[in-house]
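Reader: I'd like to learn how to read a fold from its coordinates, one feature at a time. Can you walk me through one?

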Amino acid sequence: MPRSRSDSNSSSGSSTSAKSKVKDKAAQVLGIGKGLARSFVQNARPHHEHATPDSNRDPAASSSSHHHPSFHVDNRPWNNGLQPAYMSPDMSKTRAIIWSILTALFIAALVIALAYSNLIALAFYPWIGILPTDPMLAALAVLDKAPVIDGHIDLPILIRSLYANNATAVDLESTLPAHVDIPRLRQGKVGGFFWSVYVGCAKPEEEGPDFVESTWRVRDTLEQIDVSKALMTKFSSTFSYVETADGLIRAIQQKKIAGLLGVEGGHQLGNSLSVLRQYYNLGVRYSTLTHTCHNAFADSAGFVADKMKEPLHNGLSPLGFKLIDEMNRLGMLVDVSHTSDETTKQAIKYSKAPVMWSHSSARAIHNHVRNVPDDILAMIGKGEGKKDGVIMVNFAPDFVAGPGLANITAVADHVEHIASISGKHCVGIGSDYDGIRSTPVDLEDVSKYPNLVAELYSRGWSKYELAGLTGGNFIRVFRDVERVAKELQRKGTLPAYDIYNKRPDLPWHSDF
């Protein structure tokens, strides 16, 4: 429909009005801009250039200015709106060059920051706490602050096999034939590990059905303690022998590799709580309740992948409960790797202190009796009815996956499964290096720990969760075991002197 003349005039009028408003607004903005520019120029000029004596002032300006009676602002015109009148072409050119240089430097810095963001983050991580986006660089940054504390390394038994425990013949600074030596420990960012003072189970026909025939297990264990300490002393520039959580932390702060001792099986105790106490005095800070054999204290899970060993005690024996009492009193960690499911459940419920698995993985990921089932994982963690503890994941291929399938992804799956049930604060690393014949792909030796940390970082683990995995979770548990021992000793809890009731050489209590 065509518009009427009046509509057209009305439209034209409103258009003119709108244009007028736009022009007024533009003038207002321009005026503000000129005022700001003038102020900038006046502030930039030397004082003598923009202030003139009162005698040269405009009388009109004099009546309106009363703050500074002796001077007034010199409103010089702008040259083509580009630069102040007092600025020479040379000055303008110099300023342009300076701004060009600054702009170029800014762009160059921005390009470098974007191109090398990971390296910059790695270099400044200790101060700013931001991890690089690259998983391996992030892993190295975490491990610089929270190095690996491995719950189980079998270096001592390797030294026994290769060198007959002659520590003087061992050069840990060279490349050893298995998984562990000093160069690779450093490369793998290791802060400490348990030297497993393991000796194997005796032959059943040698020890007898009641485990009372002499088999030299205690003697051999003492030799393993001796060679472990001897090597830590020989290479004291690298290792620091420690017995406490505080000592462990101090060693790491001093850039040393902390060395702790762990006994791998109750068969090494000679059926004696007195032997346990002497091991503690010699520095042993955990004892596994069993190895692959039953003993006088507890039932083992055995070693057949999908079949639990036939029970002997249906868990802990009466002496086994006393063993846990004494370990709690001393401050020795109760290690339930290798134990039967029933032994493990009873130990978790009975122990006054947290428990540990020095080298075990998740049965739901790979079905093996050496791995921890979900119902037991559910007993560990935070919350009512749960016990604190740490499950330190084993790298042995037989425990990780089916034949030919063990790799870093599978190991990370075990870590994540345990974390999903017990919590990320209850998982650690217990590689079993030097005690296993083969290794998962990308975890071939102690130098490869960063690969696992990088894998978990790529799965979304935070730096705090990774620091717990690499060692923080174990330290928490170790501290709590020490705390329980101090409380029991403060209350006057006496040592346990119970005697194995099948021991023929000493009298025993009838209620046993």
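Reader: Let's begin with the strands. How many bridges join strand 6 to strand 8, and do they run parallel or antiparallel?

Author: One thing first: this is a predicted model. Strand 6 (residues 190-196) and strand 8 are joined by five bridges, and they run parallel. To find your place in that pairing, look for Phe 193, which sits opposite Gly 259 of strand 8.

Reader: Is strand 8 buried or exposed?

Author: Eight of its eight residues are buried, so strand 8 (residues 257-264) is largely enclosed by the rest of the structure.

Reader: Now the core. Which residues touch the most other members of the largest nonpolar core?

Author: The general idea is that nonpolar side chains tend to be buried together in soluble globular proteins. Here the largest core has 95 residues, and Leu 172, Phe 239 and Leu 289 touch the most other members. Helix 17 (residues 408-422) gives this core its largest share, seven residues. Another core lies apart from it, with 22 residues that include Ile 149, Leu 333, Met 392 and Val 484.

Reader: What is Leu 172 in contact with, leaving aside its neighbours within four places in sequence?

Author: Its contacts include Leu 155, Ile 182, Trp 195, Leu 231 and Phe 239. Asp 181 is also one of them.

Reader: Back to helix 17. Which of its residues are buried, and what do they pack against?

Author: The buried ones include Ile 408, Val 411, Val 415 and Ile 418, and also His 414 and His 417. The buried residues of helix 17 pack against several elements, among them strand 12 (389-393), helix 18 (449-458) and helix 19. For the geometry, compare spans: the 15 residues of helix 17 reach 21 Å from first C-alpha to last, close to the 21 Å expected at 1.5 Å a residue.

Reader: How many residues of helix 13 are buried?

Author: 10 of 13, so to speak a mostly covered helix. Among the buried ones are Leu 319, Leu 323, Ile 324 and Met 327, along with Asp 325, Glu 326 and Arg 329. Their packing partners include helix 12, strand 9 and helix 14 (341-350). Just after helix 13, Gly 331 takes a positive phi of about 100°.

Reader: How many aromatic pairs are there, and how do I read one?

Author: A pair of rings is described by the distance of the centres and the angle of the planes. A search of the whole structure finds 11 aromatic pairs. In one, the rings of Phe 321 and Tyr 350 have centres 4.9 Å apart and planes at 80°, so the pair is edge-to-face. Phe 321 is in helix 13 and Tyr 350 in helix 14, 29 residues apart.

Reader: What about Phe 474 and Phe 478: is the pair edge-to-face or tilted?

Author: Their centres are 5.5 Å apart and their planes at 35°, so the pair is tilted. Both lie in helix 19, four residues apart, about one turn of the helix.

Reader: Last one: where does Phe 211 lie, and what is its phi?

Author: Most residues other than glycine have a negative phi. Phe 211 has a positive phi of about 65°, and it lies in the loop between helix 9 (204-207) and helix 10 (217-234). At 14% relative accessibility, Phe 211 counts as buried. Lys 255 also has a positive phi, near 65°, but at 60% relative accessibility Lys 255 counts as exposed.

Notes. Residues are numbered from 1 along each chain as its sequence is written. This is a predicted model: local features need pLDDT of at least 70, side-chain atom pairs count only at pLDDT 80 or more; totals for chains, interfaces and linings use all residues. Side-chain values use heavy atoms; hydrogens and water are left out. Buried means under 20% relative accessible area, exposed over 50%, partly exposed in between (1.4 Å probe, protein chains only). Helices (H or I, at least four residues) and strands (E, at least two) are DSSP runs, numbered from the N terminus. Two strands pair if DSSP finds at least two bridges between them. A nonpolar core is a set of buried Ala, Val, Leu, Ile, Met, Phe, Trp, Tyr and Cys residues joined through side-chain atoms within 4.5 Å. Contact means heavy atoms within 4.5 Å. Rings of Phe, Tyr and Trp (its six-membered ring) pair if their centres lie within 6.5 Å; planes under 30 degrees apart count as stacked, over 60 as edge-to-face and the rest as tilted. The expected span of a helix is 1.5 Å times one less than its number of residues.
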